[in-house]
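Dear colleague,

I am passing on a structure to you, and I would be grateful if you could look through it alongside the notes below.

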Amino acid sequence: MLRLYMFGGEDIEKRDSRSLNEQAFRDAGGSPSVAIFPWASKAKEEKQRRFMVTYFKELGARSVRFVERSLPFTEMVMIAENSDIIYLPDGDTKLLIEMLRDTGSMHLLRLHDNVIIGNS
């Protein structure tokens, strides 16, 4: 069953939504695999990516993978299908929607039946 978590203004570095993320991780099975779609900005900084990986590992993530826009669609499908959580980080929502439509990945979100977390 799909569970959708939408955060407004979460600061991952400060971990100010930790209790909500812990609940999302429990809802996803406790030791989830996480797929991050870092598409809401033109270039997510490496530092921010490291923060996300570190934070999600602290929360108990079994694995954390980034779904790059440059990946073949078949690989995006495989990562999404093998993930318990899909995480959509902050940035430009219009850009995110445009990228999801342009790559056909909007369909992956519709099919995902576990946890999706969106951060504004």
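This is a predicted model: local features need pLDDT of at least 70, side-chain atom pairs count only at pLDDT 80 or more; totals for chains, interfaces and linings use all residues.

Residues are numbered from 1 along each chain as its sequence is written, and side-chain values use heavy atoms, with hydrogens and water left out.

Helix α2 runs over residues 46-58, 13 residues in total, and spans 18 Å from its first C-alpha to its last, close to the 18 Å expected at 1.5 Å a residue (the expected span being 1.5 Å times one less than the number of residues; helices are DSSP runs of H or I of at least four residues, strands runs of E of at least two, both numbered from the N terminus). Within α2, Arg49, Met52, Tyr55 and Phe56 are buried (under 20% relative accessible area with a 1.4 Å probe, protein chains only, where exposed is over 50% and partly exposed lies in between). They cover an arc of only 135° around the axis, which puts them on the same side of α2; the arc is that of the directions from the helix axis to the C-beta atoms. The buried residues of α2 pack against α1 (18-27), β2 (33-36), β3 (63-66) and β4 (85-88), contact meaning heavy atoms within 4.5 Å. Just after α2, Gly60 has a positive phi of about 110°.

The largest pocket holds about 300 Å³ of space (on a 1 Å grid over the protein atoms alone, a pocket is an open set of points where a 1.4 Å probe fits, with protein on both sides within 12 Å along at least five of seven lines, and lining residues have an atom within 4 Å of a point; the volume is the space filled by probe spheres set on the points, which are joined across faces, edges and corners). Of its 18 lining residues, Met6, Leu88, Thr93, Leu96 and Gly118 are the closest to the centre. Helix α4 gives the most to this lining, with four residues.

Ser105, in the loop between α4 and α5, counts as buried at 0% relative accessibility, and, leaving aside neighbours within four places in sequence, Ser105 is in contact with Phe37, Trp39, Phe73, Met76 and Leu100. His112 lies in the loop between α5 and β5 and is buried too, with a relative accessible area of 7%.

Best regards
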